[in-house]
Structure formats: C-alpha cells, structure tokens
Amino acid sequence: MVDLTLTELRDKLQAGDVSSVAATETMLARIADHDGEIQSYVTVTAEEALAQAAEADRRLAAGEKGALLGVPVGIKDLLCNKGVPTQAGSKILEGFRPPYDAFVVQQLKEAGAVILGMTNTDEFGMGSSTEFSAYQTSKNPWNVEHVPGGSSGGSAAAVAANMAYGTLGTDTGGSVRLPASYCGVVGVRPTYGRVSRWGAIAYASSLDQVGTFGRTVQDAAAMLGVVAGYDERDSTSIKTPVPDYEAALTGDIKGLRVGVPKEYFVQDGMDEDVATSVRAAIAKLEALGAEIVEISIPHSQYALSIYYLIATAEASSNLGRYDGVRYGPRVTGKDVIDSTRRTRGLFGPEAKNRIMLGTFVLSAGYYDAYYGRALKARTLLINDFKEAFKHVDVIAAPTCPSTAFRFGERMNDPIQMYLTDIYTVSLNLSASCGLSVPCGFDRDGLPIGLQLMGNTLQEETLLNAAYAYEQATEWHHKNAMPAGS
Amino acid sequence: MAELTIKDVEKIALLARLHLTAEELADYQGKLTAVLGYVAQLDELDLEGVPPTAHAVFQQNVMRPDVINSVLPNEEALANAQAKMDGQFAIQAVLDE
C-alpha cells in the first residue's frame, strides 16, 4: 500500500479493497520507521488521523465518493489546524494552537481527507532548504546529505518518501516548486487568488499562495481541486468556479504553444545536467505535438531583486504582529518596548534578516529608492509575461539552475541562498500559475525538475501539459524510498 | 547606499523592534549590505512613468455584506495568550508612576 499513488489508493478505497484506517495505519507506521531520519513532520497527529480515517470509512461505506475521501495527507506547519500546534517553523509561535482552521484545512476536512500531521518549513516560509526551521532540518529522501529544498521541504520530502499520499505547501517565491524539483515530485503553485489564504500564516501577502504536492500530476491536481476556491474571508481570492482539474488531464497537447525563454538558460552556475535534462524535456513536448517558440522575458534578470524588496517589505509588516501579547512566548524586559524587542529576539536568523531588510526599504528616505522602484519594476515584469502569453500557452524552463545542495553550503551567504530561487520568483510577482514536474536525474542521482508556467487561471492547460510529459516518460515511476526500504 | 554602518543597523533594529546582540548587529551589517548591493541592479531601469503594482491579480472594492458572522468565544480568543486579566490580554504597564 506504501507505493500506491493518491489516485490509486482512492480507487481502492472506493472499491472497498482497503480501508482508510488501514491506509492511515500504514502511513503512520511508515512515519515511525523512516521519519526519524527524514524529519519531514514536525508534529504527527496520529490519534486525530485515525479518528478522521474511521469517519471517512463510514462515509465510504455509505457509498460516498470524493476526490480525497479517506486519503492520508500532510500539511505545512503554517496552515492553521484547529487545536494542533501550528508553529510556522518558528520559536515565536512555539505552542500556538489555532482556534480555527485555515480555509484549505477546512476544505480537506470537509472532503474527508485524513491529516497525518504538520510538515516542516523554513521559518515563516523564508528559506530554500528547511535549514531555517527552528525545530528540525528535513532531509532529501534521495540522498540524506542533501537538502530537500524549501521552504515547503517537509511536504516535498514526505511525499517523496511515501509518508503521505499528497501534501500542502505554500509558495511565495518558489517554496512549492523548488522542493518538488529537489525531491523528484510534482508541486503545483496555482494563480494568486485561486486558493483562499485565510488561515495561512502570512509571509508576503501579495505573493503567498497555497500549493499542492503529489507523486504524480494527477495526484497534485486532485489535491488542488479540493483546496482551491473563493472565500469571502480573503478579499484577494478569486470568485470563479473551480474546474475539474483531473478531467482536464487528457494527455493531448497537439498544437500547444510552448514558450522557451532564452533568459532561463544563461544563468551563471547553471548545472550542465539540469540544462541537458530540461532541453530533452522540451524536445519531448515537441515530439508529443507541441509547438516550441523561443520567447523573451527581458526583465526576469531583475526578478530576484524585485522579489526580495517586495517580499521583505511585506514580511516586516506582517511579522509586526508577533509581540508576545496574543500568542507565542513572551520575554519580559525593563519596559514595554524592551519586552517587545526581547520577545521578537525569538525570531530566527533569516526571519530577522528579512524583517530588517523590509524595515529598511520601507523607512523614511529609502521607500522611493527601494520599495517604490521595486513596485514599478514589478509592472515591467508583469508586462513581459502578458506579452509572452499572447504568443504561447505555457512557458517551459528549469525550476532551479542546480539540483539539491548539501547542508550548510549556502547558510551564511544570503545571495547564494536567494539565487536558488532565480527561476521561480518571477511567477509569484506576476499573475501566472506554475508547477514543477520531474524530468530526470543528475550525475549524482539527484532529481531535476521541469518548470511549466501558465497564464492567469489556466491551471487546466498547465496541468495537462505536465501530465502529457509525465505519461510519456518514466520519471514518476522512480521511487526514492520504495516499500521495504 | 553603499554600506550600512553599525549605527544604521541599530536604528533599523529599533524600528523593527528587534533586540539584537553585538554579534548579530555585525552579521546583519554585512548581510544587508550584500543584499542592497545586489538589488542596486534596479538602478539600471528607467522607471519614469511606470505605474507601481501592488497586486498582480487586480481586484477593486471587494465587499461583503456587513453582517456579524460567528466570532471566537472570549475564552478561545485568549487561549494562546501568556497573560490575561478580566477576559482581556494583559500587557506590561505602559505608563509608570
């Protein structure tokens, strides 16, 4: 049962071949056996999971069918899960038990999914490796000496190691696509507003979006179909019906126009194996009937700068709420300001770094020179994407210039760490959707991801392109930690 | 801005309400200077007349009916607080004497 995909398990649940309780017990045993090493979960909620599974079995027995009914899944530690410690990878939220569910968690629970626990993340989603989690560092299931990517590294590793049939993450600058690429799984980051952000602990509100992980494109699509949707509690969520994403997976991409942006293949430090695999994947799309079009996203070379100015500015504002009054630990000093400062000293190094940068670029005398310019440059980048999508249906590029790096390699060099995200951040700044799908392995056996980007709310086209590629290749049959390992 | 001084970093830390050790101040001085050096690439762009973008998926005047929905009971709203008094969050005294 360990090696089943989400959709295979769902078929068996609906046929009555297996029970949700049995599937849940299998996953919990798997976590007990392997997560000591992989460290993908920060909190495992075994008791709640088994109760949810028993309830799902009752619904299944009554003949109910649902995309995730009875399916055990994991959720990122910054999606509020009522009554369960939700700590955003941060000491400043240690012990926080949300009094309500995030929209996406509500959606999962109503759909009858079984929540196995909370998966590890860099503090507040700020990082590319999970090394900035205050609690633990997750390992890459393909090679435990390498990072799983971040910030949703726990979610990606859990799926890659068969410790969940699907997981949720969040993607502010690539935090779903990057770990999906590093861990050899599928990670989907829908259009901003496609999924309500209610109850998703905020990092950068104009960029944050919940995304999904699966071993296959269909698995990730099934997860997205359940968590997507409008919600009046998030004024930026889009009021438009959620399509049947799984039904969109026909595998037919004849005539699909695939844009290849030249800027995404010239990065210094681009790994040769990554370039070769991604080019081969694009050739495969062409062989399947797609038309390959060379395009240009000229301002993508500025994307990382725009991203770090906007994201840190928004973060400095969002993280202003952590003062030890309403939640989280409190450190008492000589007066209110001193207490606030000492309490906020509980933030980890990268959160502090980003709060400091964001505070600076918003401060008097520097706002126009930094934040103001970044907002304008963002417009130019968005225009590049608008222009590109006049000529193509999807854009293909590497998810990341390199494969999973070793622990510690980029910890003390923020520029090197930030460059990890160079190919993912543009999408967050624009109104596009995107995903990473496995497209090969490097010389050391580490996975490589093909990034596909789609136009605003064109998730169906995007997912179908990835599905066509996936079904024509063997990568999704490779397993980092098969049953019995 | 070419390089931030320790004084600059201290000022930012105060604005951000962060308590930083001397070691951290020096560390952030280097890291922030490096990042500001990198983002200086935006100076190349001619942004005259370009409108700023705050949200990529533009929505305007999002409204919902002004009705009271379910609200958290007082006890639940206070459950995560370190200190409470008379059904409210308790903080350190702001005014002394």
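Lys352(A) and Glu24(B) form a salt bridge, with 2.7 Å between the closest N and O atoms; the term stands for a side-chain nitrogen of Lys or Arg within 4 Å of a carboxyl oxygen of Asp or Glu. The count between chain B and chain A is one such bridge. This is a predicted model, in which local features need pLDDT of at least 70 and side-chain atom pairs pLDDT 80 or more, while totals for chains, interfaces and linings use all residues. Residues are numbered from 1 along each chain as written, chains are lettered from A and ligands numbered from 1 in written order, and side-chain values use heavy atoms, without hydrogens and water.

The contact (heavy atoms within 4.5 Å) takes 70 residues from chain A and 52 residues from chain B. About 5500 Å² is buried between the two chains, 65% of it from carbon and sulfur atoms; buried area is the accessible area (1.4 Å probe) lost on putting two parts together, summed over both.

Turning to the cysteines, the structure holds zero disulfides over all chains, a disulfide being a pair of cysteine sulfur atoms within 2.5 Å. Cys433(A) is in no disulfide, and its nearest cysteine sulfur, that of Cys439(A), is 19 Å away. Cys433(A) is also buried, at a relative accessible area of 0%, where buried means under 20% (1.4 Å probe, protein chains only). The sulfur of Cys439(A) lies 12 Å from the closest cysteine sulfur, in Cys400(A), which is too far for a bond. Cys439(A) counts as buried too, at 2% relative accessibility.

Note on methods:
Buried < 20%, exposed > 50% of the residue type's maximum accessible area, 1.4 Å probe, protein only.
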